[in-house]
Amino acid sequence: MQIAGFRLDLERLPAPLPIWRATVRADTWLVVARAVVDAGGRLVSLWGSDRTRGAAGCLVASAAYALNEGLVWLDVELSGRVATYPDLAPLFPCATRMQRALADLLGVTAEAASDQRPWLDHGAWPAHYRPLRREDTRRTPSAGRAVVDYPFVRVEGDGVHEIPVGPVHAGIIEPGHFRFSVVGEKVLRLEQRLGYKHKGIEQRFTEVPALQAHRLAGRISGDSTVAYAWSYCMALESLAGREIPERACWLRALLLERERVANHLGDLGALGNDAAFAFGLAQFSRLRENWLRLSNEVFGHRLTMDCIVPGGVAGDISPAMAARLIGQCAEIESDVRILRQIYDEHSGLQDRFMTTGRVSPELATRLGLTGLAARASGQTADLRRDQPWPPYDRLQVNIATQCNGDVAARVAVRFDEVFESLRLIREILSRLPSGEIRHQIHLPGKSAFGAGRIEGWRGEIFVALEWDGENGANSIRRCHCHDPSWQNWPVLEHAVIGNIVPDFPLINKSFNLSYAGHDL
Amino acid sequence: MWRTVKQIARLGFRSEAAPSCDDAPRIESERIQRQLLAILGRALSIREVDAGSCNACELEINALNNPYYNIEGLGIKFVASPRHADMLLVTGPVSRNMAQALRRTYDATPAPKLVVAVGDCGCNGGLFGENYASRGRVANVIPVDVAVPGCPPPPIEILRGILTAVRRCRNKPD
């Protein structure tokens with residue numbers, strides 16, 4: 001296959017979406033990256049692995065690029081005592097933090113990168129411990145240490161002062177630190193510090209049996225449990241070369257769309273509340289609660305955790321249950337239509353939403369904004385339409401887009417996506433094929449690679465999986481999980497520039513990015 | 001504006017009974033209010049601290065504020081500062097990067113203070129356990145009065161845990 005006229009020896013992974021993999025040399029790494037930029041591609045993820053086996057093997061840095069044709073996963077083998085690889089940040093700004101995280105986790109750095117501050121490592125981990133190095137995972141980590149101060153970039157000038165926020169925030173939300181440099185009420189600069197929730201998930205994956213690790217994947221970010229579990233299972237099924245029953249595909253899509261609706265309902269209420277319209281929170285949180293309660297009745301879990309399992313889904317639904325799910329779509333839809341009209345006509349609310357936290361389409365393209373937020377800034381990417389995997393290849397998803405890139409646009413995309421998901425849910429349930437819901441998965445007795453890619457409610461979730469089946473090892477050698485928040489957190493820093501401090505919670509909520517999915 | 005009022009009027013009052021022992025629902029919520037007043041002499045203020053969860057527990061804690069559970073109607077309020085709080089509601093596992101912030105939040109909460117650990121991870125480390133980056137259960141970092149298991153526990157169980165901690169508070173020496 002060719003990437004933008006560039007020939008590569010690519011191996012197609014047996015996944016339901018087109019995904020290729022190849023190993024390149026260090027000099028080719030940058031040439032390919034430039035070709036991807038020229039072809040209008042995006043950097044999806046950047047990570048690294050330890051593929052040493054005794055004296056053999058080496059450390060590897062990997063990148064995943066999204067192109068029109070599909071996803072390309074490239075490995076570059078790192079040699080020498082000081083393992084480095086060419087810096088991708090000049091071509092893809094979102095690479096910066098992923099490269100810093102890779103340095104913390106594997107001890108390999110991007111050559112001459114402009115920002116080499118630690119990212120996930122706050123100084124509290126045991127000294128000289130690189131959690132993804134095999135030699136380090138085998139030793140018992142020594143005692144932890146105290147966290148160290150972080151060198152924030154200082155803004156200087158007359159009347160500039162700093163507002164530090166976090167890691168413990170005022171609301172019931174996840175921890176992270178925001179450092180605002182402001183003049184009066186106006187934000188000159190926001191710098192984020194994340195990584196507070198890092199709890200060693202990628203190392204943990206190598207200790208969990210592969211057929212049970214979907215539970216761990218489903219707890220990377222609780223609001224995206226379906227998307228993560230599906231991505232992980234897709235990766236596992238792809239390396240095992242096993243397709244899942246048709247009915248299971250459709251039930252997975254049902255769960256994914258229900259997850260999308262649940263999150264949008266919650267966010268639409270919270271966005272009203274952050275603009276001092278408490279009515280919105282009361283109304284939408286009631287709808288969300290109805291939604292979760294029916295999930296609990298039908299799937300046995302309010303957030304539908306552990307419903308997607310390797311080989312299919314954990315439980316089936318009866319025709320009576322399907323009828324109730326369809327009935328609920330009608331109820332929710334009529335309420336949301338009323339609420340949308342109220343939101344649209346509320347001048348105070350619209351005054352807060354319009355032109356606030358704007359990300360122009362040009363900026364979105366340049367910084368690699370992705371997912372829901374990107375669709376509010378004129379980007380038209382949605383895997384469900386662009387690379388439709390079963391059952392989306394038979395559903396014709398209409399994607400929602402807006403061009404203004406402000407809070408109002410992100411609200412509008414959410415409303416549109418609620419209606420589209422409700423339509424999809426009804427269609428899925430009315431066309432649900434019969435048959436089995438789960439196949440047995442037999443993992444291969446050799447090394448194998450698999451990948452999964454799902455359009456979650458927030459954006460694209462990607463899982464890269466390496467299986468070691470040789471000599472009875474039968475374990476996950478590496479499982480890398482990527483959250484779209486990696487791309488979107490840095491864009492939030494741009495979105496708030498020039499806005500007033502009290503609008504930050506509103507802007508932040510309109511993105512609603514994941515801390516847990518980012519920190520891992 | 002009239003649409004807003006109409007929607008409110010159409011839906012009416014949706015709050016449900018608090019988890020009861022055996023009393024009739026309305027009596028139960030009044031009883032909880034009376035107990036809070038008798039034990040604390042005021043409404044209960046809670047500071048929530050996410051010390052490393054997957055965010056699912058936060059979703060369910062947030063649900064306590066919806067009209068069905070109507071937690072403020074019981075006299076329980078989530079506050080922005082530990083200095084205003086009687087109780088910390090902590091989710092975990094406690095990451096090493098959050099351990100210091102959690103400890104400081106605990107120290108900033110005035111005594112007598114209650115701590116409720118929420119979720120399997122907060123109770124025992126959950127699927128994540130203890131490792132180079134995780135200290136595991138909340139009790140490994142600060143003293144815990146009540147632990148609420150579940151992954152995540154549904155809102156009603158979280159509310160039950162909060163009320164259990166308050167009732168136990170009456171028997172505390174200080």
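In the predicted model, helix α9(A) passes helix α14(A) in a left-handed crossing. The two helices, which span residues 319–345 and residues 407–431 of chain A respectively, have axes that come within 10 Å and cross at roughly 160 degrees. Because angles over 145 degrees count as roughly antiparallel, α9(A) is roughly antiparallel to α14(A). On the side of α9(A), the contact is made by Ala322(A), Leu325(A), Ile326(A), Cys329(A), Ile332(A), Glu333(A), Val336(A) and Arg340(A), which meet Phe415(A), Val418(A), Phe419(A), Leu422(A), Ile425(A), Arg426(A) and Leu429(A) of α14(A). Classified by residue type, this contact of α9(A) with α14(A) comprises 12 nonpolar and three charged residues, with no polar residues.

Strand β16(A), formed by residues 460–468, is largely enclosed by the rest of the structure, since nine of its nine residues are buried. Glu460(A), Phe462(A), Ala464(A), Glu466(A) and Asp468(A) point one way from the strand, while Ile461(A), Val463(A), Leu465(A) and Trp467(A) point the other way, and the residues of both sets are all buried.

Two further strands of chain A pair with β16(A). Strand β15(A), residues 448–455, runs antiparallel to β16(A) and is joined to it by eight bridges, with Ala448(A) having Trp467(A) as its bridge partner. Four residues lie between β15(A) and β16(A) in the hairpin that these strands form, where Gly459(A) takes a positive phi near 160 degrees. Strand β17(A), which covers residues 475–482, is likewise antiparallel to β16(A), and seven bridges join the two strands.

The contact between the chains takes 46 residues from chain A and 40 residues from chain B. On the side of chain B that touches chain A, the elements that give two or more residues are the helices α1 (2–11), α3 (56–63) and α4 (96–108), together with the strand β1 (44–50). By class, this side of chain B has 20 nonpolar, 14 polar and six charged residues.

How values were computed
Residues numbered from 1 in each chain as written. Chains lettered and ligands numbered in written order. Predicted model: local features only at pLDDT ≥ 70, side-chain atom pairs only at ≥ 80, totals over all residues. Axes fitted to C-alpha atoms, helices over the stretch in contact; angles between N-to-C directions. Parallel < 35°, antiparallel > 145°, perpendicular 65-115°, else oblique. Left-handed = near helix turned anticlockwise from the far one by under 90°. Contact = placed C-beta atoms within 7 Å. Nonpolar A, V, L, I, M, F, W, Y, C, P; charged D, E, K, R; others polar. Buried ≥ 20, exposed ≤ 12 C-beta atoms within 10 Å, placed from the backbone. Pairing = 2+ DSSP bridges.
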